[in-house]
Amino acid sequence: MKIRNPSDFGAGLLITGISLAFLVTGQSLPQGTLSEMGPGWFPRHVALLALLAGIALVVRSLARSGHPLPRFRIRPLLAVAAAVFAFAVCINRFGFVIAAPLTLLIASLAVTDTRMRVRLLIALMISLIAAAIFIGALGLSIPLWPGQ
Amino acid sequence: MSAFDGLATGLATALAFHNLLFALAGCLCGTLIGVLPGVGPLATMAMLLPLTSYFPAESALIMLAGVYYGAQYGGSTTAILVNLPGESSSAITCIDGHQMARAGRAGVALTVAALASFFAGCVATLVIAGFADGLSQLAVSFKPADYFSLIFFGLIGATALSAGSMTTSVAATLIGILLGCVGTDLYTGIQRFTLGIRPLAAGIDFVCLAIGVFGLAEIIANLTRGAMDQTLLSRHVSGQWPTAEDWRRAWPAALRGTAIGSALGVLPGGGASLGSFAAYAVERRITRDPSRFGHGAVEGVAAPEAANNAAAQTSFIPMLTLGIPANAVMAVMIGALMIHGIVPGPDILVKRPDVAWGLIASMLVGNLMLLVINLPLIGLWVSLLRVPYRVMFPAIVLFCSIGAFSSGYSAFEVGLTALLAVVGFMLIWFGCSPASLALGFILGPMLEEQFRRAMILSRGDLSTFFTHPVSAVLLAASALVSASVLLPTLGRARREAFADETR
Amino acid sequence: MPAHRNLTLLPAMILAAVLGSSSALAQTPLASVAEWPSKPIRLIAPFAHGGPTDQASRTLAPKLAEALGKPVFVENIPGAGSTLGTGRIAQAEPDGHTFGLGHVGALSIAPAMYDKLGYDPLTSYTTISLVCDFVNILVVRADSPVRSVADLIAQARSRPGALTYGSAGIGSSNHLSGELLASMAGVKMTHVPYKGSAPAMVDLIGGRLDFMFDILLNSMPNVQSGRLRILGVTSLTEIPSVPGIPPVAQAVPSFEVLGWVGLLGPAGLPKPITDRLNAEIARIMQMPEIVKAFAGMGYIARTSTPEAFHALIEKDLRMWDPIIRGAGIRAN
């Protein structure tokens with residue numbers, strides 16, 4: 001069995017997975033009937049439809065040809081996700097002064113050919129500008145320093 | 001007082017020098033707010049609210065209104081430039097708007113968006129002046145069954161939003177609906193899909209979804225495809241002004257979008273987003289060449305932009321005539337009126353024409369002001385795109401994180417945004433459209449809410465959807481649209497199956 | 001080469017961690033009240049932007065800032081019926097720089113509805129003072145055949161479950177007022193929840209609902225324009241802002257629904273700070289401009305001792321618990 005359409009295959013798997021997750025998580029919700037819907041009725045039926053769509057995509061990917069996917073590198077995905085995650089972890093504990101440059105540095109790791117000095121410099125500059133705009137000019141209550 | 005007299009009075013108020021300054025302040029503030037991801041006009045308006053007690057009532061309203069529709073303009077800017085919708089109603093602009101930017105036509109896209117919004121804003125202002133009562137009657141007489149069928153129609157009509165296949169866009173829409181169901185059930189108070197995580201009890205914030213699935217996922221996709229050593233522009237940047245061809249396509253689209261947005265904006269709760277989705281879907285349906293959509297069709301920018309600005313203006317109608325806010329922003333406006341001891345209602349147009357007509361007239365002034373402010377800025381934005389991507393993208397990632405944090409001061413939401421970015425990237429990578437996801441996310445829960453409400457009110461009688469005329473018509477239209485889409489697909493699938501067999 | 005480059009990040013992260021933790025250690029506990037406040041103050045408002053409770057916080061904040069000499073920032077943390085933000089107040093450091101507004105919904109109603117709230121309304125907080133209270137009003141369409149509360153009850157009795165009323169959501173004040181009425185009058189009525197009062201009001205005006213409880217602020221425009229009619233107020237006596245309207249208690253004895261909002265701090269706040277704040281609030285809530293501003297939002301400005309506020313929370317908790325459980329209102 002050859003995967004003729006990798007993007008349909010991937011989409012199908014992803015969608016099947018997500019709909020299964022919702023079906024499983026929503027098992028305990030009361031269903032009710034169509035005219036007296038419980039909280040579980042609507043999500044379950046939507047998830048079932050999504051599951052169908054996902055399976056249909058997988059089946060179709062084996063039957064019909066499509067364009068191959070471009071080459072996948074995991075580095076940008078990891079770098080950007082880790083950068084945002086780092087912000088989440090650091091902002092309350094360490095404040096903006098730590099979280100912002102850290103986020104910028106980690107995000108910049110998505111690209112391999114910059115020198116660390118350049119990265120640090122850019123990170124510091126952008127952090128300063130961002131602090132000036134968001135905390136200074138707009139007055140958002142973002143903790144600036146650690147322990148605030 | 002006839003509408004013309006009213007407008008004349010209003011213009012006298014709106015063009016007073018101090019009110020012009022207030023309008024300018026509001027518009028500038030609003031545009032900046034709209035450009036920054038996550039920071040919405042609501043928070044800003046709420047912050048400004050106590051200050052407004054020091055100003056006269058009409059000045060307060062003019063400034064706050066300026067913030068609101070200024071933010072719409074700003075939100076469209078980021079939607080086009082970096083695929084980040086500032087408001088839920090700008091999500092649609094991302095589709096073709098960002099593609100135009102990638103093709104070097106960011107300037108044209110921004111200009112078309114600004115002009116379409118201006119046009120829509122002016123027409124909608126006239127609509128308010130002339131038809132406020134009629135439209136508010138419409139809002140009040142819209143039953144849950146009608147609302148359900150309208151949303152259903154919108155969902156069906158708009159499911160073919162992506163350039164990809166029907167199945168993938170339907171699937172993405174369904175996933176969006178599921179994500180929208182996360183949170184507390186309105187009718188029972190039971191938590192759904194929250195896994196016991198308390199911050200999820202309020203549901204997934206649209207800001208997190210927009211930032212994750214649109215903005216961040218797009219960045220990851222760009223980097224994975226290898227855009228690092230370029231700027232955001234892949235080719236020669238064209239001039240700012242639309243070509244004759246663009247004009248020809250765009251202005252009827254803007255007209256249609258204005259009509260749709262004006263009508264839907266008065267509906268309480270979600271009318272504005274519905275408007276831009278519906279306008280896009282209509283353009284896609286009636287065009288001769290649907291393959292252009294999703295790749296930078298100028299109508300795909302003109303129509304939704306016109307719709308969302310028209311809806312932003314007409315959403316003032318229930319506020320002015322009924323004292324009922326169509327959305328949270330209008331609630332703030334009512335608050336501003338109350339602070340000044342003015343009670344909104346149909347007699348506001350008569351009792352305080354300076355305030356009511358002043359506000360309406362200032363919308364005309366405000367829209368013009370925004371055009372004047374934003375058109376020259378387009379050159380600035382486009383030159384920003386020349387900054388090397390390797391410097392831009394970490395900055396955008398940081399701004400996105402800040403935006404996700406500041407909508408609820410919650411680190412959890414930032415983490416959630418990161419997760420949504422991963423999921424969103426995978427969907428994009430495999431050819432699904434984030435706009436379909438957003439559509440499902442916004443409309444799905446509304447669909448459920450209206451259905452269940454219609455059932456409670458009809459005591460479980462399903463025929464309520466067919467006995468109410470508006471609802472019946474909309475459902476019939478949905479059936480027609482589905483048939484017109486499915487039959488050719490089925491026919492093609494059958495032909496292909498036969499073709500394979502005979503090979 | 002790549003290995004070398006990535007290692008330079010590690011010392012940077014270690015340095016960051018050390019800096020962060022050392023400055024956290026350097027924070028000494030509050031030395032004396034004379035130094036308080038030593039930095040800007042956070043006022044947590046567990047409400048969505050723009051609503052009357054949010055506006056109340058934003059009206060109060062600058063006055064507090066004036067009184068204390070340091071900026072007071074309002075932080076909106078909406079969600080889960082104001083329980084999310086209320087929980088954050090309990091989690092804050094009791095160093096006198098974080099406070100919040102506690103709403104009757106989160107403190108006296110939610111505990112009966114939710115299994116795990118993340119806070120205990122009686123022990124997780126230092127109560128500082130009541131800030132305002134409000135009543136609900138019972139409204140019907142102007143052309144409704146129902147002329148009084150007694151009429152409403154009679155109709156509900158003759159057609160069980162036929163009368164519908166709207167609310168801003170499960171567990172909201174309008175919902176619970178309706179449940180209380182139904183339970184005390186011994187009738188059955190159908191509750192229709194909405195996302196907020198505004199869409200409910202639209203359906204009431206449009207004729208899809210029979211009646212509704214709501215705060216004065218939301219209904220005022222339509223009452224004044226003649227679309228809606230007030231049948232009763234939920235206080236035990238008449239109130240000045242709606243003269244001539246009888247209390248619901250006239251038709252249903254002892255019926256009372258009073259909502260309130262008060263200032264809270266996390267548990268363990270030093271007494272001098274609590275006392276000082278209480279005194280400031282007492283002064284602020286008597287300022288004529290504040291009374292007027294709050295009245296415009298539909299609130300009656302109040303003040304109380306810290307103990308009286310605590311007692312109020314407890315009294316309402318005990319009052320609502322059986323009603324909520326009896327009506328089967330659960331949100332797990």
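**Interfaces of chain B with chains A and C**

In the predicted model, 65 residues of chain A are in contact (heavy atoms within 4.5 Å) with 63 residues of chain B. About 5600 Å² is buried between chain A and chain B, and carbon and sulfur atoms give 84% of this area. Buried area is the accessible area (1.4 Å probe) that two parts lose on being put together, summed over both. F22(A), F42(A) and F134(A) supply 11% of the area that chain A buries against chain B, more than any other three residues.

Local features of this predicted model need pLDDT of at least 70, side-chain atom pairs count only at pLDDT 80 or more, and totals for chains, interfaces and linings use all residues. Residues are numbered from 1 along each chain as its sequence is written, chains are lettered from A and ligands numbered from 1 in the order in which they are written, and side-chain values use heavy atoms, with hydrogens and water left out.

Between chain A and chain B the count of salt bridges (a side-chain nitrogen of Lys or Arg within 4 Å of a carboxyl oxygen of Asp or Glu) is zero.

Chain B also meets chain C. Here 45 residues of chain C are in contact with 46 residues of chain B. The buried area is about 3700 Å², with 62% from carbon and sulfur atoms. H49(C), R58(C) and R208(C) supply 15% of the area that chain C buries against chain B, more than any other three residues. One salt bridge is found across this interface. K195(C) and E449(B) meet in a salt bridge through their side chains, at 3.5 Å from N to O.
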